Structure formats: structure tokens, C-alpha cells
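This report describes a structural model, moving from local features to the arrangement of domains and chains.

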Amino acid sequence: MAEYKWPDADKRTFIGKRISRIDGPQKVSGRAKYSFDINRPGMLFGKIVRSPYAHAKVKSIDTSAAERMPGVKALHVVSDVGTEVFWAGASVVAVAAVDEPTAEDAMRAIKVEYEVLPHLVIDTDVKNAGEYAKPANENKVGDPDKGFSEAEVTMEGNYGLPVITHCCLEPHGSVMEWDDNNVLAHLSTQAVSGSVAQIARPLEIPATNVRVQQDHIGGGFGSKFGPDEWDITAARLSKKAGGKPVKMFNERDAELMVAGARPSAYAHVKIGLKKDGTITAWESQSWATGGQGSGGSPPLPYVFNIPNQRKQHTALSNNIGSARAWRAPAHPQGCAITMTALEDAAAAIGMDPYDFFMKNIELTGQRANIYADELKIGADLIEWKKNWHARGDKTAGPIKRGLGLSIHTWAGGGHASDCDLTIQPDGSVELKMGTQDLGTGTRTALNIIVADTLGLPMNAVKITIGDSRFPASGGSGGSTTIGGISASSRRASLDALDQIFAKAAPSLDAKPEELEAVGGAIRVKGNPSKSLSWTQACSKLAATPITVRGKNPGPGKLTDQGVGGAQMADVSVDIETGIVRINKIVAVQDCGLIIDLKTAESQVYGALAMGISQALWEERIYDEASGKLLNADMEFYGLTGIGDIGELVVHVMTGVYDARGVIGLADPPAISPGPAISNAVFNAIGVRVPTLPLTPEKVIAALAVKKRGRA
Amino acid sequence: MQDDDNVKDKGSGLSRRTFLKASGISLSVPLVMGYRVIKVSGAEVKLYGPGKVPLTLSINGKSYNAQVEPRVTLLEALRNELDITGAKRVCDRGTCGACTMIVDGKAVYSCSTLAIEAQGKSITTVEGLMQGDNLHPVQQAFIDNDAQQCGFCTPGFVVACKAFLDKNPNPTAEQIKKGLGGNTCRCGTYMGVRAAVAQAAQKGGRRNG
């Protein structure tokens with residue numbers, strides 16, 4: 001009976017090393033096929049006529065001209081006459097045609113009339129939001145009145161961050177193929193196994209008739225769980241067109257309008273503290289929107305469990321494309337508001353925020369020691385004590401430099417995961433799992449684990465994923481994939497190895513439990529001369545391959561949840577233009593056992609790059625008068641480029657907490673960049689830019705407030 | 001709008017027709033090989049369409065034929081008609097670089113290039129960078145430095161890096177940041193890309209032509 005644990009550090013061949021991703025050659029050569037790249041015989045192209053209004057009722061639809069057009073093969077009304085649509089970009093009519101130009105012409109030939117209804121698309125003015133705002137009851141912790149009465153100083157400020165959009169480079173969509181009540185779905189999804197039932201239900205066919213396939217996905221970040229309405233529509237169009245496959249992917253403007261909104265969050269915060277840095281009380285009035293579903297309440301105060309709190313949150317439902325999960329849902333919002341307010345509190349008593357955070361580190365609870373370690377490492381890497389200065393860079397000239405910091409936490413853990421590991425009598429090995437590789441290195445991690453466990457080279461193991469016909473594995477969200485898939489594949493590998501040991505033992509004149517798999521051989525522990533090659537050992541299976549089902553959850557502690565991280569930013573601000581430049585960001589990230597150090601570090605680098613664009617540019621900009629999203633393109637929806645990131649330094653605390661098992665890393669490092677950068681800008685210019693993104697316009701406005709304040 | 005739609009029923013090209021009507025340019029030469037030649041301000045200009053026209057493209061050293069409407073971009077012709085899908089359509093407006101191809105030695109956004117304009121030119125896509133089973137040094141450097149995550153921007157980025165190194169065989173860090181500013185990666189692999197370009201430069205990123 002196998003002992004379900006990870007190998008000790010000295011027994012790891014691949015685990016924890018820097019391994020290049022195994023699908024790298026496919027990706028760099030253009031051979032990797034994404035769902036968006038699927039071309040099927042006779043395939044039609046689907047397009048959608050969308051509501052130009054943020055809130056309207058469909059009055060009439062005339063598709064007659066489009067129906068007569070040669071090349072138009074199917075039409076489907078998504079929002080019929082009388083249907084209310086709640087955001088600009090909502091689907092109204094879909095068309096499938098033989099090629100894209102024809103489908104575009106057909107869209108223009110479809111006439112839809114609307115009764116325009118009142119809307120709200122901005123989210124910054126909650127006081128005048130009327131019935132769109134739904135205030136919740138006040139929430140008290142401890143005795144806030146006493147906490148504030150004990151305070152020697154109180155700090156008050158306004159903070160916030162806007163709705164942003166995922167802007168996945170591969171848009172949301174699919175190629176749907178209807179064949180006699182069966183559906184083959186080439187879907188762009190973070191949940192291959194989990195999408196099956198969601199496709200079957202609206203189409204009213206058994207889930208057993210649905211197959212989801214996806215080799216590669218071009219970004220998801222939380223926005224691609226399950227099929228969307230337009231994917232179901234594509235399947236309906238395919239059915240109407242006699243089973244011709246329909247390719248339906250969002251155009252870029254639609255992708256930004258309807259396929260991803262991270263909720264905003266704004267707050268008025270009051271913090272009570274003593275002059276020695278002791279925090280005595282927190283008060284916040286916050287609001288947030290994520291469209292119709294409002295967007296939830298961010299965790300406030302974040303990480304620091306301040307003893308006395310008074311909090312009130314208002315949910316704002318407005319007319320924008322609705323919220324979707326984003327790396328670490330709700331945490332970046334809670335973190336940005338809390339960490340910037342805490343920095344301002346430290347400023348109010350003239351304290352270095354590093355010292356202020358350390359002074360209050362016990363308020364972070366069980367991970368206080370980890371945060372303290374991380375802050376020390378980060379401070380060394382960015383030379384905090386040498387480079388930090390009191391608020392407002394006093395050096396001459398228009399370029400001001402500053403440092404800022406932030407800390408964060410995330411749970412992670414391992415999702416449910418099944419896999420089948422097959423060993424053939426010729427020694428070949430294949431692992432099949434209905435999971436997906438978002439670019440996080442899932443395939444590579446599976447390959448590392450199976451090869452390491454079986455004592456084989458990486459290329460002796462075949463990893464096959466991305467098909468709902470394989471054993472079901474969870475959706476990739478919340479940093480739960482690596483925990484789930486590493487645990488199930490490790491268990492399968494250990495169980496399969498037990499069977500190989502049992503078959504090989506008689507030939508080696510040993511008991512199965514005396515055997516080990518090392519360097520492509522099955523050998524007796526402590527007596528390497530008594531060994532069989534892997535192929536010889538597998539030949540003992542005679543004609544029958546073995547297939548072992550690996551599962552998570554299961555026996556043994558292979559995964560854990562809960563990490564902390566610290567980030568520090570070094571920025572320069574041009575006070576004449578308001579432009580913020582990143583000099584350096586340091587990320588110190590706690591983790592469990594790392595499977596692949598190379599791709600793990602990439603996760604953190606990527607989170608920082610993404611965080612920089614959120615801090616400096618990203619914002620869905622709406623026009624209240626027309627209800628339209630003004631920057632539904634990649635020209636004016638700002639993303640970081642290669643010249644914008646400064647120097648990124650990643651310190652993954654590998655080796656320190658290996659005994660905890662595997663913990664995912666996708667979400668946590670994406671939380672802190674915004675507040676760390678905002679705090680660095682504050683340190684540079686000596687005045688808070690209250691909300692993200694820190695655009696030149698807002699920096700200049702903040703400087704103007706500072707100037708007026710002095711005058 | 002109604003007029004437009006009626007013309008488009010037949011296939012395409014109405015905006016050009018409307019334009020011609022408005023600007024008073026005369027059609028003078030009969031249809032030859034899918035296009036007509038017209039005189040605009042004394043110069044002869046090829047006029048394609050309406051409807052599909054035959055097209056010949058030279059891609060990665062091979063000749064391909066297709067029938068596309070004149071409004072079809074080079075990117076769409078390759079992806080939708082020829083099943084050459086390495087280059088990706090992302091912004092569709094010449095911003096993000098995911099569609100980058102090399103046309104006559106120059107990196108171009110193929111989403112903003114008409115297919116008909118690319119005829120007679122030498123087109124290189126990411127699929128054309130390998131020599132047999134051997135990766136181009138830029139491709140190998142992308143793998144070594146993990147300059148990709150989801151990989152959707154990677155084909156365009158790899159092609160852009162190759163074109164960049166062809167012109168700047170020994171780039172400084174500052175040149176890399178400026179020269180590759182036309183490609184966007186949402187996963188944030190820029191540290192890897194910087195390292196990859198530096199590695200490929202040292203190993204001779206120009207090697208395979």
C-alpha cells in the first residue's frame with residue numbers, strides 16, 4: 001500500500017526544478033490549436049446583432065432581408081420582441097453565414113427597433129444613484145466608538161478602483177457542431193469537464209450527448225467558466241443549419257463590453273490610531289458594482305483584523321455587462337482600499353509604513369510570522385530603508401521617486417480531480433484528465449509528477465487533457481488547479497507503481513514494498529544491482545495494460561490552502577505631465593511545495609505585469625448620456641507593454657513550507673500591485689491619488705489639490 | 001442604409017461603388033483577372049470586386065490560391081480560407097501585434113493589411129520560422145525563458161522578435177523595450193520576452209534568414 005506523500009527533497013528528480021513547459025514548442029511554432037483556430041468542413045461563421053442601448057426593450061425585429069441573402073444559413077433570435085436588455089452589447093439576434101463578410105452583411109440587414117429605457121452606467125456617484133443603490137445594514141466588530149475615542153489621531157480618506165475588463169486575447173466563444181442531438185463543442189473554457197452539463201441543459205439534450213474539447217485557451221483569468229449564451233446560440237444555429245459547425249467568437253468590442261467585468265469598489269475610510277502606530281478602530285462606508293448583479297462586498301479591512309470596526313456597504317446595480325470572477329475575486333478591491341488607507345494612516349503620524357505594518361503585524365493573525373519574513377525579504381530586495389523617504393520627494397526637478405508596499409492573502413487549495421493513468425506492457429505511459437492548461441503549466445506539472453513518481457524521463461510520459469471524455473477534473477479558478485491535479489496524478493502514479501512492483505517483485509526475488517522506481521529502473525532499495533529496466537518490469541503485465549484511477553480528495557496530505565505575500569513598488573512620477581513610471585516591483589510570495597519553479601515564477605511575473613496595467617491604465621470608461629462603453633478596443637483600454645514594467649523581481653519562498661504540500665499561485669500575487677504602486681506614487685509626490693488607475697490626469701489633479709491646500 | 005443592404009445582397013463592394021459615384025471617377029478598363037484598372041487623377045489604379053476575386057499569395061515559400069472579397073484582410077484570408085492559424089486576430093485594429101507577419105522583410109499587422117495588397121509579396125508567418133524539425137533561435141529562446149503563458153500572443157510576438165532582430169542584431173535593453181512595444185501580452189510574459197530576445201541575439205537570431 002502506497003504512502004501518499006511527496007518525495008523528500010533529495011529524492012526529487014523533476015519536482016521543484018525549473019522545467020520548460022512541454023507544450024512550448026507547439027505554442028512558439030503556431031501549431032498549438034486554440035478553439036478560435038478550429039476550422040471544420042462546411043463551417044459557418046456566427047455573428048451577433050447587439051443592443052446599442054444600456055437599457056431597452058426590444059420593440060420589433062425584422063430579419064426578412066437577411067434571410068433572403070445568399071450565404072445566410074441560419075438565424076436565431078436571442079432576445080425576442082418584448083424582452084428587456086440590461087446593458088449595451090446584449091445579444092439580440094444571431095446569424096450564421098458561409099463566411100465572415102456575408103455574416104457581417106447579414107447583421108447590417110437585420111432591423112431591430114428598441115424602446116429606450118432609463119439607465120445608469122457610471123458607478124462613482126452612489127449618493128445620487130436612487131433605486132440602483134441597495135444599502136446593507138451596518139456591521140459592527142468590537143466597540144468602534146470606544147476604539148475611536150482611544151485614538152490619538154484619526155485619518156479619513158476616499159479610495160477606490162473602477163470596473164475593469166479581462167480582455168482575454170482569445171475572445172470568448174466556440175465552434176459548435178450539432179449532429180443528431182449530439183453536440184461537439186470546441187469551447188474556450190476554464191472548465192472542460194464542468195461545461196458539459198451547462199451546454200446540455202439549455203439545449204435540452206442529455207449531458208452524455210455533449211463533448212467538450214479544448215487543447216489550448218488564450219486567457220481566461222476567471223471569465224471563462226462554462227458556456228456563454230452565445231455558445232448555446234451557436235449550437236442552436238448549427239442545428240438550424242442542418243448540423244454545419246458554427247464558429248462564434250466575440251468581436252473585440254463585444255469582448256470588452258460583455259465578456260468580463262471585475263467589480264469596482266469605493267470607500268470612505270476612517271482609521272483611528274495612536275501616535276506609536278497602534279491601530280484602534282476602522283470605519284468604512286463602501287459601495288461597488290459589477291453590473292446587474294452589483295458585485296459583492298470587498299473584504300474590509302483586508303488582512304489586518306482591526307479590533308474595532310464599523311462598516312456599511314451599498315450594492316450598486318447598474319447597466320453594464322455583468323461581473324465575472326477575476327484572479328482573486330474581491331481581494332484586489334479590499335486590498336487596494338485597505339492598504340492605501342493604512343499608508344495614509346501611517347503618514348498621519350509620520351511613520352514609515354514598513355515600521356507601521358510591522359508594528360501591527362499581529363493583527364494579520366496566523367500568518368503574522370510569514371508576513372514579517374516576507375516584508376524583511378522584500379525590504380532587502382528593494383533596499384527599503386535606504387530608498388524610502390518621508391512623503392513627498394524633496395529633491396529638485398520634476399521627476400519624483402517613491403516606494404510603496406502592500407500585503408495580501410489567498411486560500412487556494414485543491415479542487416476535485418480524477419485522472420486515469422495507463423501503463424502498457426511495452427512500458428509506455430499515458431495520463432488522461434479532463435482538465436485544461438490556461439498557460440499556467442498544467443500539462444507540464446502533470447508530466448513532472450508522473451515522471452518523477454515512476455522514475456522515468458519526462459518524454460516517456462504522455463499527458464492528454466482538454467477533453468470531457470476523460471475523467472472529470474475541476475474548473476481552473478481560485479488557484480485550485482495545481483493542488484487538485486497534482487494530488488490526483490500523484491496518487492494515480494503511486495498506485496500504478498504499486499501494481500508494477502507487485503508484478504516485478506518475483507523476478508527480483510524481493511517483496512513489492514522493498515522496491516523503488518529510479519532512473520528508468522525498478523530496483524531493490526539498497527541493492528541497485530538487483531533491478532529490472534522499466535520496460536522489462538512492465539512486460540510482466542503480459543498482454544493487459546493497467547489503468548489506475550487517481551482522485552482528489554484522497555488519502556494523504558498532498559495539498560494545503562492559505563498563503564500570504566508582500567509586494568513593494570519603486571516608481572517615478574513626472575509632476576509636470578503626471579506620468580507614472582515603474583522602476584521596480586518586488587514580489588515575495590509564500591507558497592507550498594512548488595512543482596515547476598519556472599512556470600510558478602512566471603505566474604508571479606505575469607500577475608505583476610497585469611497589476612501594473614490595473615494600477616496605471618485599466619478602466620472601463622462609460623458615457624452616462626449614451627450608456628456606451630467608450631473604450632471597447634485595445635487602443636484606449638490600456639494594457640501594459642514590454643517597456644512599461646520596469647524591473648520585476650520575484651522571490652518565491654520555495655523550500656520553506658514544502659511540508660504543507662502543493663498550493664496554487666495564480667491568484668495571490670495579482671492582489672497587491674495596485675495598492676503597492678499607489679502607495680509608491682503617494683510617497684513620491686506627497687499626496688494621495690484617491691482612486692486607481694493612476695492616470696496622468698488624476699495625478700495632476702491630486703497635485704493641484706495639494707497646491708491649493710498649501711495656498 | 002437600406003440601399004447599402006440591397007447592394008450587399010449580391011455579395012459586397014457597395015461602399016466602393018458609392019465612393020466612385022460621389023467622387024466622379026470613371027471606370028474605363030474591362031475586367032481582367034478579378035480587377036479593373038481605373039484612372040484616378042491621371043494614374044492607373046487597380047479596382048477589385050465587387051464579389052470574390054481570385055487571389056495568389058506566397059506564404060512561407062509556398063504559393064496558395066483562394067477566392068476572397070477585396071475587403072478580406074491578409075489575416076482573415078490565411079485563417080479562414082487557408083487554415084494557417086498561427087497568427088491570431090485579437091484587437092483587429094493594428095494595436096496588439098498578435099497578427100504580426102513579415103511581408104517583404106517588414107513586420108506588419110496582418111489584421112490591417114488587405115489580402116489583395118499582399119499579392120506578389122513574400123509573406124512569412126510563425127509557421128515558416130522552423131527549418132524542418134528545428135526551432136528558430138527566437139522560438140527556442142521563448143521556450144527557454146518561458147516567454148509565454150497562454151501562448152495566444154506568442155506567434156505574433158515571435159515573428160515580431162524575429163523581424164526586430166533582423167534589423168537590430170545586437171539590441172540594447174532599451175531598444176528591446178521600444179522595438180517590441182507593438183505587441184501586447186495579457187498574461188504578462190514580458191520579462192521572459194526580454195530575456196528571450198537577448199538570448200536569441202547572442203545566438204544569432206538572424207540565422208535562419
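## Hairpins of chain B

In this predicted model, β5(B) and β6(B) form a hairpin with two residues between them, and B:D104 in the turn has a positive phi of about 50°. Helices (H or I, at least four residues) and strands (E, at least two) are DSSP runs, numbered from the N terminus. Two strands are taken as paired if DSSP finds at least two bridges between them. Strand β5(B) is joined to strand β6 (residues 106-109) of chain B by four bridges, and the two run antiparallel. B:V103 has B:K106 in β6(B) as its bridge partner.

A second hairpin is formed by β1(B) and β2(B), with two residues between the strands; there B:S41 takes a positive phi near 50°.

| Strand pair | Sense | Bridges |
|---|---|---|
| β1 (residues 35-40) and β2 (residues 43-48) of chain B | antiparallel | six bridges |
| β5 and β6 (residues 106-109) of chain B | antiparallel | four bridges |

Residues are numbered from 1 along each chain as its sequence is written, while chains are lettered from A and ligands numbered from 1 in the order in which they are written. Because the model is predicted, local features need pLDDT of at least 70 and side-chain atom pairs count only at pLDDT 80 or more, whereas totals for chains, interfaces and linings use all residues.

## Chain B as a whole

Chain B has seven helices and seven strands. Read from the N terminus, its elements follow the order α-α-β-β-β-β-α-β-β-β-α-α-α-α. Of the 209 residues in chain B, 48% are buried. A residue is called buried if 20 or more other C-beta atoms lie within 10 Å of its own, exposed if 12 or fewer, and partly exposed in between, with C-beta atoms placed from the backbone. Two residues are in contact if their C-beta atoms, likewise placed from the backbone, lie within 7 Å. Among the contacts in chain B with a separation of 6 or more, 56% are between residues 24 or more positions apart.

The domain assignment divides chain B into domain 1 (2-48), domain 2 (53-125) and domain 3 (137-203); such bounds come from an automatic or database domain assignment. The C-alpha centres of domain 2 of chain B and domain 3 of chain B are separated by 21 Å. Their contact involves 12 residues of domain 2 of chain B and 11 residues of domain 3 of chain B. On the domain 2 side, strand β5 (residues 100-103) of chain B gives the most, with three residues. That side of domain 2 of chain B divides into seven nonpolar, four polar and one charged. In this classification Ala, Val, Leu, Ile, Met, Phe, Trp, Tyr, Cys and Pro count as nonpolar, Asp, Glu, Lys and Arg as charged, and the others, Gly among them, as polar.

## Contact between the chains

The contact between the chains takes 54 residues from chain B and 51 residues from chain A. On the side of chain B that touches chain A, the helices α1 (2-9), α3 (74-81), α4 (137-144), α5 (154-167), α6 (173-179) and α7 (190-203) each supply at least two residues. Helix α7(B) provides the largest share of that side, five residues. The residues of this side of chain B comprise 20 nonpolar, 16 polar and 18 charged.

## Chain A: domains, a helix and a tryptophan

For chain A, the assignment gives domain 1 (35-118 + 172-249), domain 2 (328-412 + 560-710) and domain 3 (414-552). Domain 1 of chain A and domain 3 of chain A have C-alpha centres 40 Å apart. Between them, 16 residues of domain 1 of chain A are in contact with 13 residues of domain 3 of chain A.

Helix α10 (residues 368-382) of chain A has 15 residues and reaches 21 Å from its first C-alpha to its last, close to the 21 Å expected at 1.5 Å a residue; the expected span is 1.5 Å times one less than the number of residues. Its buried residues are A:I370, A:Y371, A:E374, A:L375, A:G378, A:A379 and A:I382. Seen down the axis of α10(A), these buried residues fall within an arc of 165°, so they line one face of the helix; the arc is that of the directions from the helix axis to the C-beta atoms. The buried residues of α10(A) pack against α9 (353-359), α11 (384-387), β17 (399-412), β25 (561-574) and β26 (580-589) of chain A.

A:W178 is found in strand β10 (residues 173-179) of chain A. A:W178 counts as buried because it has 23 C-beta neighbours inside 10 Å. Leaving aside neighbours within four places in sequence, A:W178 is in contact with A:V183, A:A235, A:S238, A:K239 and A:G243.
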